[in-house]
Amino acid sequence: ARPEIVLEAQYDGIEFWQVLNFKYKPGDVTTAPQWIAPFHPRLDWQMWFAALGSYQSSPWVVHLVDKILEGSVPVLNLLDADRNPKGNVSSIRAFRYYYDFTRIEEKGFLPNRSRNLDNWWWRTEDEEKEEYMPPVEKGNDSVKDFLKMHGWKRLSNKELDLKCAPTFVCEIIKFAGGNRKYISLHILLGMLTIKYSFYY
């Protein structure tokens with residue numbers, strides 16, 4: 001069996017907790033393993049390493065949770081948007097489960113819904129799950145201090161303007177009309193290509 005971190009979220013106006021699904025790592029026991037080669041889903045892979053220890057030894061997990069709470073579009077795009085609820089996340093907690101493949105004698109070669117054996121994974125029962133990270137609310141001061149202690153700092157708009165010198169790159173980013181923190185690399189490269197195509 002392998003340990004896996006499962007993130008659970010509360011959304012604004014909803015009291016119960018809902019699982020935050022990733023695109024590739026084990027989570028929902030009814031979701032089949034996906035063929036990903038030669039693509040390498042780095043976040044899903046790193047989540048497995050984080051599950052081998054604690055969030056104190058993998059502080060980037062707290063940073064990830066903070067970005068989800070913040071509503072960072074690039075970070076949310078790393079999750080499985082099709083299976084995750086829509087809305088603003090107000091708090092997140094994390095548990096460690098142990099996963100293993102369902103045995104052939106239990107399920108057969110393929111999911112068989114007529115026999116109600118459509119689970120691809122076996123995992124720890126809820127009573128045996130381990131708390132990995134306690135609930136964290138949006139804007140939690142302890143989280144801010146924790147991230148600052150590990151070298152992450154949330155920049156203000158003024159600081160972002162100072163870091164973005166008046167060069168043609170910043171002009172292109174501003175022209176894109178999005179947040180400078182969140183513009184994707186392929187959009188930036190595409191705009192650079194378009195800009196310089198007029199010079200040749």
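Trainee: Quick one to start: in which crossing, left-handed or right-handed, does α2 pass α5?

Mentor: In this predicted model, α2 makes a left-handed crossing as it passes α5.

Trainee: Thanks! And at what angle do helix α2 and helix α5 pack?

Mentor: The angle is about 130°, and the axes of α2 (residues 60-70) and α5 (residues 141-149) are 10 Å apart. The two helices are therefore oblique to each other.

Trainee: Which residues in α2 and α5 meet?

Mentor: On the α2 side you'll find Val62, His63 and Asp66, and these meet Val143, Phe146 and Leu147 of α5. By type, the residues of this contact split into four nonpolar, one polar and one charged.

Trainee: Nice. Switching topic: how many cavities of 30 Å³ or more does the structure hold?

Mentor: There is one cavity of 30 Å³ or more. The space in the largest cavity comes to about 70 Å³.

Trainee: OK, and which residues line the largest cavity?

Mentor: Its lining consists of Ile5, Val6, Leu7, Val19, Leu20, Asn21, Phe22, Lys25, Pro26, Gly27, Asp28 and Arg83.

Trainee: How do those divide into nonpolar, polar and charged?

Mentor: Seven residues of the lining are nonpolar, two are polar and three are charged.

Trainee: Last one: which strands each supply at least two residues of that lining?

Mentor: Those are β1 (2-11) and β2 (18-20). The largest share comes from β1, with three residues of the lining.

Note on methods
Residues numbered from 1 in each chain as written. Predicted model: local features only at pLDDT ≥ 70, side-chain atom pairs only at ≥ 80, totals over all residues. Heavy atoms only, no water. Axes fitted to C-alpha atoms, helices over the stretch in contact; angles between N-to-C directions. Helix = DSSP H or I, 4+ residues; strand = E, 2+ residues; numbered from the N terminus. Parallel < 35°, antiparallel > 145°, perpendicular 65-115°, else oblique. Left-handed = near helix turned anticlockwise from the far one by under 90°. Contact = heavy atoms within 4.5 Å. Nonpolar A, V, L, I, M, F, W, Y, C, P; charged D, E, K, R; others polar. 1 Å grid on protein atoms, 1.4 Å probe; cavity = no way out; pocket = protein on both sides within 12 Å on 5 of 7 lines; lining within 4 Å. Points joined across faces, edges and corners; volume = space filled by probe spheres on them.
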